Each structure stands twice: as structure tokens, then as C-alpha cells.
Amino acid sequence: MANNLLSGKKGVIFGALDEQSIAWKVAEKCVEEGAQIVLTNAPVALRFGKIQELAAKLNTEVIAADATSEEDLENLFTKSMELLGGKLDFALHSIGMSLNVRKNRGYTNLKYDWMQKTFDISAISFHKMMQTLLKLDAVNEWGSILALTYIASQRVFPDYNEMAESKALLESFARSFGYHFGVQKKVRVNTISQSPTWTTAGSGVKGFKEFFDYADKMSPLGNAPAESCADYCVAMFSDFTRMVTMQNLYHDGGFSNMGMNPAVLGL
Ligand SMILES: NC(=O)c1ccc[n+]([C@@H]2O[C@H](COP(=O)([O-])OP(=O)(O)OC[C@H]3O[C@@H](n4cnc5c(N)ncnc54)[C@H](O)[C@@H]3O)[C@@H](O)[C@H]2O)c1
């Protein structure tokens, strides 16, 4: 059901690791809708993930970049503009990783050097990405920048651990940088707050299955799948959302506005 919504647009997509990754589906939909894209991920993900498969399928290039490295980001955006033949119209930050979660450290027993690394990878990388794009003047007017987030930034989900603060920081960067990118370049910046989704990052959270099922029951429309998230990203990259900026946009089947759903209680 392609509608050429992104015809003539160029973009960079971070975070496609395997076919379950949300970024994987976004990349597929963007190309389906007529965009030209460059894929990127951390060097280690290029070795262990399947991103090259995706690139071959979509006839695109992969440029390695550790999103915490300003040097890598500068190289990535400079080369992307060369490959795509011009400035970018959109970028997706679909990156998340917690060292403390990975090493099973609970929220009241965190290692702070790991916490700082988590914030760097999962949130500060978004600021670095935008600052690099701005410095290089790499985004066309009316361009659109997105990052993916989760509602644990605003409500307590105990097992989400230090990723909650990462997401709060990420959403705040979208608002603050959205101001600067807006006044300087007419570029919009938003975050999409997505339902629990079965991916490598998602299923790393303790008790993910039970939690996924709970959210699915709580949401009037059920959990939003990755494919629908990709549709929403396409809409946000398209010209139909030019005046939407500095927002945290829920894409969660209604979960965020629920208090209680009788379905959760089996009624
Ligand atoms: N899966 C969920 O339940 C869910 C829900 C809401 C939001 N999100 C968010 O969606 C985004 C994408 O995650 P996903 O669920 O598709 O999982 P995923 O594991 O497929 O994607 C995470 C990506 O981050 C990349 N990454 C990690 N460190 C990096 C670094 N230093 N530099 C560059 N890339 C790096 C990984 O290689 C991977 O591709 C994340 O921000 C995640 O927090 C996920």
C-alpha cells in the first residue's frame, strides 16, 4: 500500500540489528514509500547483526558509526550526503542499551560508570547526532528527526531500570533541541513512545513476556506492533506533519491514557 509519501526524500536510519528491530521495519517502509536511505549501526552490530542483509534487500549502503562518537557521526553524515547526493530530510534514532540491565544489576544496586555509559548510548547520542547534523548543516528545511522512547520515562515501571532516566533525558533533548533546530533551520524533532515490542532490546527487560501481555490487555487497541510504528515514522517523516515538533507522541494503542481495563482483571 505504498503511496510515495517520501518520494525524493533522503534519510539516515540508526539501529536496524535484525528483522525484529523497529528500525528494520522503518527502513523497509521508508524505501517502499520512495525514500533513499543510508543504514547505520555500531561496528559490533555490523559484525553480529544482519544489517547487511537488509542493505542488500533495499539496495542501500551501510556506514558503521558508534553513536556515542562525534567523529563517527561526522563521518557518517558527511558520507551519507555524498552517497545520497544532497542534504538529508529525515533521521531516525532507534538506539537503546543499558549496561546495568544487561548485567542484571537492580535499580537500587547500580554501577554508576555503567549508568553513564547507558545514558551516553541511549540518550546523549541523540544530542550528539543532532548537534553534528546542525554543525554540518546536513538537514534540509522542513526536515524531520525522530527518536524512539518508552513511557517508563514518565511513569514507574520498576524493571525498566536506568533506561527510564535515559528515556526521560532523550525526550527532554527532543524538546530542547527541537527549539534550536526549529528556529535555525525549520527542522522538527519528536519522540515516538512505542508499546512493548519483541526485539533484542525489548526482550532484554526482566519479565518482558508478562509485561508485554499486561500492556496488550490494558490497551484498548492492544499493543502497537513494530510495523505500525514504522507507518507512524513514515507519517512523521512525510510532509503531512510539517508543523509537529518538540512532542512526545504516544504510539501505544491507548495504553498511556488508561487507568484500569477490566480485561486485565479478567472481567
Ligand atoms: N522493544 C520495545 O519494547 C521498545 C519499546 C519502546 C521503545 N523502544 C525503543 O526502540 C528503539 C529500538 O530498539 P528495538 O526495540 O528495535 O531493539 P534493537 O535491539 O533491535 O535495537 C537497538 C539498537 O541499538 C543499537 N546500538 C546499541 N549501541 C549502539 C551504539 N553505541 N551506537 C549505535 N547503535 C547502537 C543496537 O545495535 C541495535 O541495533 C530503542 O530506543 C528502544 O529503547 C523499544
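This report walks through the fold, the strands and the ligand surroundings of the structure above.

The model is predicted, so to speak of local features a pLDDT of at least 70 is needed, side-chain atom pairs count only at pLDDT 80 or more, and totals for chains, interfaces and linings use all residues. Residues are numbered from 1 along each chain as its sequence is written.

**Overall build**

Let's start with the whole chain. The protein chain has ten helices and seven strands; helices (H or I, at least four residues) and strands (E, at least two) are DSSP runs, numbered from the N terminus. Its radius of gyration is 18 Å, close to the 18 Å that the globule rule gives for 267 residues, so the chain is as compact as a globular protein of that length. That radius is taken over C-alpha atoms, and the globule rule is 2.2 Å times the number of residues to the power 0.38. Along the principal axes, the C-alpha atoms fill a box of roughly 55 × 45 × 40 Å.

Of the 267 residues, 45% count as buried. Here a residue is buried if 20 or more other C-beta atoms lie within 10 Å of its own, exposed if 12 or fewer, and partly exposed in between, with C-beta atoms placed from the backbone. Among contacts between residues at least 6 apart in sequence, 73% join residues at least 24 apart; a contact means that the C-beta atoms, placed from the backbone, lie within 7 Å.

**Strands S1 and S6**

Strand S1 (residues 10-14) is mostly covered, with five of its five residues buried. On one side these are Lys10, Val12 and Phe14, and on the other Gly11 and Ile13. Strand S6 (residues 188-194) has seven of its seven residues buried, so it is largely enclosed by the rest of the structure. One face of S6 holds Arg188, Asn190, Ile192 and Gln194, while Val189, Thr191 and Ser193 are on the other.

| Strands | Bridges | A facing pair |
|---|---|---|
| S1 and S2 (residues 36-41) | five bridges | Gly11 and Ile37 |
| S1 and S4 (residues 88-93) | three bridges | Gly11 and Phe90 |
| S5 and S6 | six bridges | Leu148 and Ile192 |
| S6 and S7 (residues 248-251) | four bridges | Ser193 and Tyr250 |

S1, H1 and S2 make a right-handed β-α-β unit, and S5, helix H7 (residues 163-185) and S6 make a right-handed one too. Right-handed means that, with the strands pointing away from the viewer, the path from the first strand over the helix to the second runs clockwise.

**Lys185**

Lys185 lies in helix H7 and is partly exposed, with 17 other C-beta atoms within 10 Å. Leaving aside its neighbours within four places in sequence, Lys185 is in contact with Val139 and Glu141.

**Around the ligand**

Which residues are closest to the ligand? Among the 27 residues that surround it, they are Ser21, Gly96, Thr199, Ala201 and Gly202; to be near, a residue needs its C-beta atom, placed from the backbone, within 6 Å of the molecule. Helix H1 (22-32), strand S5 (139-149) and helix H8 (200-203) each give two or more residues to this shell. The largest share, three residues, comes from H8.

How values were computed
Two strands pair if DSSP finds at least two bridges between them. Two residues are in contact if their C-beta atoms, placed from the backbone, lie within 7 Å.
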